[in-house]
Amino acid sequence: MTAPPDGRPTRIGTPTSRVDGRLRVTGAVRYGSDFAVPHQAYAYLRTSAIARGRITGIDETEARNLPGVLEILTYRNVGDAIKPGRDFQRQGVMDSTIAPLASDQVWYAGQIVAMVIAESFEQARDAAGRLGIDYAAETPKSTFTDDDFVAAEQPGGADPDQRSGTADPAETDGVGDPDRAQADAPVTVDTWYRTPTQHHNPIELFTTTCTWTGDKLTVWESSRNVTGFRNGLAEQLSIDPADIRVLSPYIGGAFGARGFVNQRTAIVALAARRLKRPVRLVVTRSQMFTIATYRAETRQHVRLGADRDGRLLALSHKGWEISSRADNFKVAGTESSIRLYECPNVGSAVTVVHADRNTPGFMRSPPEVPYLFAIESAMDELSYALGMDPVELRRVNDTMVEPVNGRRYTSRNLVACLDAASDAFGWADRDPRPASMVDGDWQVGYGCAGLSLITLAGPASARITVSSQGWVRVQTGGHDVGGGLGTAIAIIVSDLLEVPLDRITVDLGDSDLPPASLAGGSMSTASVCSAVAKACEQLRARRAERAQGDGDGAVEEYAEFLPHGAPHNGMQLLYQGRRVATGGYLMPDRAECSFGAVFVEARIHRQTRELRLPRIVGAYAAGRIINPKAAESQLLGAQIFGAAMALYEATEIDDRYARYTNTNLADYHIPVNADILHHQAIIIPETDDSLNELGVKGIGELATSGVNAAIANAVHHATGIRIRELPIRLEKLLPTHA
Ligand code: MOS
């Protein structure tokens, strides 16, 4: 169905500029934060000064007497007017179950404790600062303690129903007897790794604008899941989802924090209802660190055992992740890490450790990025223990069947990626001895990593209208989070309906449109484009019928796509805002993943220990690429995320107060252009017809993974210093660490 009629060049697979590129770069598009409503009032948040304890008093007198102040919401006048809803771990759409203004309890520093609404932003901010809030503080737990690792190793772990408990029982997976195989293996590695707390920091601040027209609520907020949003918010407010419309046509940096529904939205909606006027909330950069999700801090323990030829005999990967007291969110990337290579004895265990912190969530390839850092660093360590080339080590352990459940990969081109990237990089020039390559005052190192990303898909629907003049309008509630979904849709429609691109309009990001699954997990192209292709096919069938008859008015088709492996009522679940995803390692009979390999050159100055990253070269095999131009951009952008994870990003926490200390873009470091000199993304052709009719895998988050390990491995090669704790900063490169 997706092949265009014979003899016509196909646009699918042809590099194409964004259909909305001009609008985006000229500032003409309107993001969720850009909408202003006449007569709107302004809201400002006050957040908690303590991380654990209770609010003992709120003095509103001064604030209420300030000019322009309209209302002050606290737990005393909100309470159970808003339901917390269900979070991701409980099959819901909320990013946390800690409802703001529900009670006097403080769960973490920076929790919303009041919202002031005033005629102007400045008045609201002033009044929020003048609230007198008293607390009874308890000593918070900010991060892991040594006991967490001991407790988690006990059979049964800690009590899962005990919200103040330390660690939940571990979630385990595996096959064979990794402990015994490890003990018997001739060559072994046994190491610990750490990854830090990191925050999304999209440039667009978290904003919400709510307005009621009678019983109908309209919300403007940047989201990548308007359908889940409408349903989740309806549950919180105890109203009919049909009475809510959520608008998020463009997103200024989606990232994980915009995938789920945030607790702030419901209080803005409540304020707007009580005041009977529109309310707009703009939060501060600093508040963004605590009112939404982030990447959880991890500790990981990896043990590898191999024979002298480098074949893996044992692989054990244990992880610990920080979550809030209330929620047990975890990404558990061991699902991918223990399946990356062939190995007869494999084990994993992931434990959630509760602390007085906000709830973490998805961030830029959530499972793979922290967990592949550990496994791909450990593989490099094993290559040195074996005296074997690290690329060769990965090659000898390649497999077409994932080792734990024995499911066959529908396609897997890890070795082709290793070959292409190592050739382009010039890996053959590498002297394997650590600290052996020098260029003037610079120590030079080459490092590599293999990587994978689960290929997911979800239900989606789309409507296409063709006017009698041949203009085409495509409508779907999916989201273009920056990767170019709108352009991919236009390309498919252009091919299948034989219409020029400039006659196609794509509407996205509106909960009144036919719903699509969450634009996350790199599954939008596979899901939404499949629904669009189906609608095109129906239109073509209709055209063929018409050719025999008469009539040439506008025509409209609606189509639904249900990925294989989805429940038969998957579309209904989607309409209800429920999350349905299939693929990856969720299928009983097969495994669906994309693969890649990344090579980097690191340079460390002999005296200053300054680290430079002159080159990143990655190769990626991810099924059919609809738009190579957008795909390359996305892969390069993802590499930058990976370099950021390795070298710069870390949210520092003051352990005494369980409070983040660098909550601004001056102190939270991200890479700039000067930090990434040359990088390259090679796309390996791959045909996989068993996934969906388009043969599309996800690429959005693929290239972020592995970069952190490749950089740490290159640093080791350059200096002999093995960095097992990210980010890699200058002080860790002092020669005393060697
Ligand atoms: Mo990703 S942050 O799971 O879209």
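Me: Is α16 mostly covered or mostly open?
Reply: Mostly covered: 13 of its 13 residues are buried, where buried means under 20% relative accessible area, exposed over 50% and partly exposed in between, with a 1.4 Å probe and protein chains only. Helices here are DSSP runs of H or I, at least four residues, and strands are E runs of at least two, numbered from the N terminus. Bear in mind this is a predicted model, so local features need pLDDT of at least 70 and side-chain atom pairs pLDDT 80 or more, while totals for chains, interfaces and linings use all residues. Residues are numbered from 1 along each chain as its sequence is written, and side-chain values use heavy atoms, leaving out hydrogens and water.

Me: What comes after α16?
Reply: Gly-720, with a positive phi near 85 degrees.

Me: OK, switching to Arg-264. Where is it, and is it buried or exposed?
Reply: Arg-264 sits in helix α7, residues 264–275. Its relative accessible area is 3%, so it counts as buried.

Me: What does its side chain make a polar contact with?
Reply: The side chain of Glu-221, at 3.1 Å. A polar contact is a pair of N or O atoms within 3.5 Å; within protein, one must be able to donate a hydrogen and the other to accept it, and residues adjacent in sequence count only if both atoms are side-chain atoms.

Me: And Leu-665, where's that?
Reply: In the loop between β29 (659–660) and β30 (678–683). Leu-665 is partly exposed, because its relative accessibility is 35%.
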